[in-house]
Structure formats: C-alpha cells, structure tokens
Amino acid sequence: MNSPHACGSIRIAPAHGMNTFSSRSVRAKIMKPKKLILSTALSAVALFSTQVGAQMPNAPDYPPQAAPGYGAPAGYSAMGGGYAMPYGPMGPAPGNAAAPMGYQGVAPAGYQDPAMHGAPIEYEQYVPGQEYGDSVMEGSPYHETMHDASCNNCDLPPRVYGSADLLVMWRKSSNLPPLLTTSDPGAQGVIGDPSTQILFGGSEQGHALTGARITTGLWLDDYQNWSVGGSFLALEREVLGISTTSTQFPVLAYPFFNTNTSANSSIVIAETVGANAANNTTVDIRKTNNFYTGDAFITKHLYTSHANRVDFVTGYYFARIDDALSNNAQFTSVGGGSFPVGTVVSYNDIFQAKNEFNGAQFGLIFDFQDGPFTWRAMGKIAIGGMHQRMAINGSRTEDVFGTVDIFSGGVYAQDSNIGSYSRDVFCFIPEGQLDLIYALTCNVDLKVGCTYIYVSDVALAQSAIPGTINPSGGDPVFAFGDDDYWALGMTFGVDFHY
C-alpha cells in the first residue's frame, strides 16, 4: 500500500521540456548577479562616504542645519519645521554660565568685565523690549519662512522623533514546478499531452499587499549630531493557491517526471473513465509567505551645506522570511486499481521554510531641502549570516469502510526527502528609500515615497518541492537551493519630532 499514485494510475509519456541542467552551472549563474549587487552596494556607500568626507572643512561640532531623519524625523532643523539654522552653536561660549534656550547673550550698556584689566570694553547695547525667552530667530531671514510652516515658537531642538508608514508592496514571484493539472479524459494530466493544462504552478505572481513600518529615535545632543533608535517593518501575509473539485475539473492530477522511466508521469486523483477512476475529489494547495525586518541604529551627522545634510547610519539588523506550501487532497476510488472501490484516500504534503538573518548595517542618509519640502534618500546594506531551516512532511490516509490506515509519504513529500534540514550561509541585504516630505507643522510632516529591499540568500518552499519522483523510492532527495528575494513598493507616512 505504499504506491505513490492514486488508483494505481501512473501514466508514462514522452518527456517534453524536461531538460537537465548541471547544478554547478546553475548555481554559478545565480551567484554572479548576487556578487554584482553586493559589490555595487558596497562601492556606492564607500564612494559617497569618501566624497562627503572630502568636502568637510572640519568635524561637525557645530549644530547641523537640518536634522536627519532615519526613516522618520522628517525634514526639520534643530528648531523644527524643516528649515535651516541661521545662528551659531546654541548656548553660551565656553567659560560662561549656561543661558536658557532663546536668551540673547548681551549685557546692559556700560557693564565692565572684571576679567578685563585696563580699559573696559562696552558690550552690545541691550535691545529694549527683548524679553527673556524670546525667539533667537527674530530678525533672521528664516523667521518668515518658519511662520509659513505654522512654526511660531520652535526654539528648542527636537529630541524625540519617529514615524508611522503604510506600505503597499509587491514581492518576488514564486517559481514553482507544475503542481496540479487537468486534461481530456484518458490523458491523465501528463505534462506534454496537448490537452493538459496547468492549474497551479510555474511563475505565480501575487498582488500588492499592505504593510507597516514604525520608527522611533532620540537625539543625544542639542546639536543633533548623534541619535539612536529602532524600527520594525512587517508585510501582510501573502497567500497564493487553488481550491477546486472534480465537479469543476473531471480530471485532476499531480504531474512529475518519473526518474525510473525517464518520462513524464502523473498521480491521478480525479478521472471519469478507466479502471482507476476516482471522484468526489477536493484539492487545496496553499503557498504562504511572511516578511519582517527590524533594526537598532545609530546616526552620526557628517556634512551640512545650507539646508542640506548627510548622515551616516549603522547598527544591528534583523530579518525573517517564512515561506510554506501545503497540499491537501481527498478522493473516493470508484475504479479499483491500487485501492478497493469505495476507499477514501487523503494526501497531505507540507513544506516549511524559515529564514533568520542577523548582521550589521551601515549606510548614508541624504536630505535635500527646499522650503517646506525635503527630498530624503537613504541607502544602506546589512551584512551577516542567514540561518535557513526546511521541514518536509507528508502522509497518505486510506479509509476502507471505516478501517483507517496511515502511511508515510504524500505526493511530493516522500520518504526519501521527508525530514528537517538547516544550514547557515553568508547573506547581504541592500535597502533603499526615497521620500518626498512636506513640513505640515514644526512637529508633524507628511511624506510619500518608495522602498526597495533585496535579500541575497533565502530558503523557499519552491526549491524543496521536487519536479522528479521515482515511484520505486530513492527520489526525490532534498537539497537547499540558491534563491533570493525582494520586496518593492510605495510608502505613505507621518513623521513627528518633539
């Protein structure tokens, strides 16, 4: 009762489109683009860092003119609102007592500094009506601009920032072998027969899915040179698949390449004619995918030119990708063959892949500001290790008038590949963001943009599903594939900074 085909129907046909490739050559072809992506990302970050450093007259120990935003602290300066800082370092000069923010550091006329031995030096005349705490921006060329952004009292630099983003993204399509077919009666869904149609398998592209990204951070100094923070991104679970019955398709079959006969074959689960006929068939195939990322970061200001600035970002990066495929089918034998007439047969296959990445990230954040609008571009790359796990299980249940027997092995999950597997591989994850930000108030910004994330090495269920089976045993055998992964889409968000 360990036959891998329902109703004893394995149909052999001439092989069509079943070319065999050297795994070494395929892997080499895949690795070349990955190496190109890695080298390009590293070169870009290094080149921009070098160019920025070459333009710096000295270390930025002065207040940057526009605060960076790692994902969220949108185009604002140390005063908020998104505009350049027209004055020098906040606080008194070295050696003087600290003065409250916004206080104009002048003394009444005629005051003599005791430290001056000899002729007294008269300080700048105190401005009548200048009250304690008035904005240091009064009279500056940026004051009117600040008022245009509804920022009437933004003397204090923001210390806390963050954002909440809505994501609408597409993921890389799944490249599966043909998993379910239909055909004319008697053809048994074998690949290569003119009447055979693939119902599920091949390149399966999902639709746009939503997600969310939350970012929060804290500036460590009044000059907004250093900040720390973290972010988390999660995409909606992607579900692809098919649910159908023999009522909709009188012929249903699982196609495969028979390595014992070197020909295309199939496992029939619904057919209206022949000794191996089956009906009352239901089939449910589900392909799911989950994607999460998170990081803890540090930003360091590098360069400022007017209201534009560049910041360096580094820290810890985490990513997780879960990918699974399940196959469940049930039918009643009405033609005899391998199963007695009236036997209810159930097939179950499950392929579960889990990927966990841990590594270090580094990159650059660019802010280009024009009034209340800011263009922000961020490019970074994470380098580390990807822990890949694959679990394969399958079973067949036969119910013969109330007597139930359970056997190991389903359709594509056979005794030869059932088990748990794991490995650790080097992986890199470049990520890019481009946002257009509008300073709605001195504390709230609106933004729209795009995000792209690429993962160089992942284990996916599609690589574990065999296209070849030997009904006599020994095949399929599991081996990790060289798959990559990406997600691309639009972002819509709100930034805050207080």
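Reader: Before I look at the rings in this predicted model, what counts as an aromatic pair?

Author: Rings of Phe, Tyr and Trp, the last taken by its six-membered ring, pair if their centres lie within 6.5 Å. With that cut-off, a search of the whole structure, which is a predicted model, finds 14 aromatic pairs.

Reader: How is a pair of aromatic rings described?

Author: A pair of aromatic rings is described by the distance of the centres and the angle of the planes. Take F478 and F480, whose rings lie 4.9 Å apart from centre to centre with 75° between the planes; the pair counts as edge-to-face because the angle is over 60 degrees.

Reader: Are F478 and F480 buried or exposed?

Author: F478 counts as buried, at 14% relative accessibility, and F480 is buried as well, with a relative accessible area of 17%, since buried means under 20%.

Reader: What kind of pair do F496 and Y498 form?

Author: F496 and Y498 form a tilted pair, with 6.3 Å from centre to centre and 35° between the planes. Here F496 is partly exposed, with a relative accessible area of 29%, whereas Y498 is exposed, at 54%.

Reader: Which residues form one aromatic cluster?

Author: One aromatic cluster is formed by F331, F339 and Y347.

Reader: And what is the setting of these rings in the whole chain?

Author: The secondary structure of the protein comes to 3 helices and 17 strands, and 48% of its 498 residues count as buried. The protein exposes about 22100 Å², of which carbon and sulfur atoms supply 59%.

Terms used:
Residues are numbered from 1 along each chain as its sequence is written. This is a predicted model: local features need pLDDT of at least 70, side-chain atom pairs count only at pLDDT 80 or more; totals for chains, interfaces and linings use all residues. Side-chain values use heavy atoms; hydrogens and water are left out. Rings of Phe, Tyr and Trp (its six-membered ring) pair if their centres lie within 6.5 Å; planes under 30 degrees apart count as stacked, over 60 as edge-to-face and the rest as tilted. Buried means under 20% relative accessible area, exposed over 50%, partly exposed in between (1.4 Å probe, protein chains only). Helices (H or I, at least four residues) and strands (E, at least two) are DSSP runs, numbered from the N terminus. Accessible areas come from the Shrake-Rupley method with a 1.4 Å probe; for residues, only the protein chains shown count as cover.
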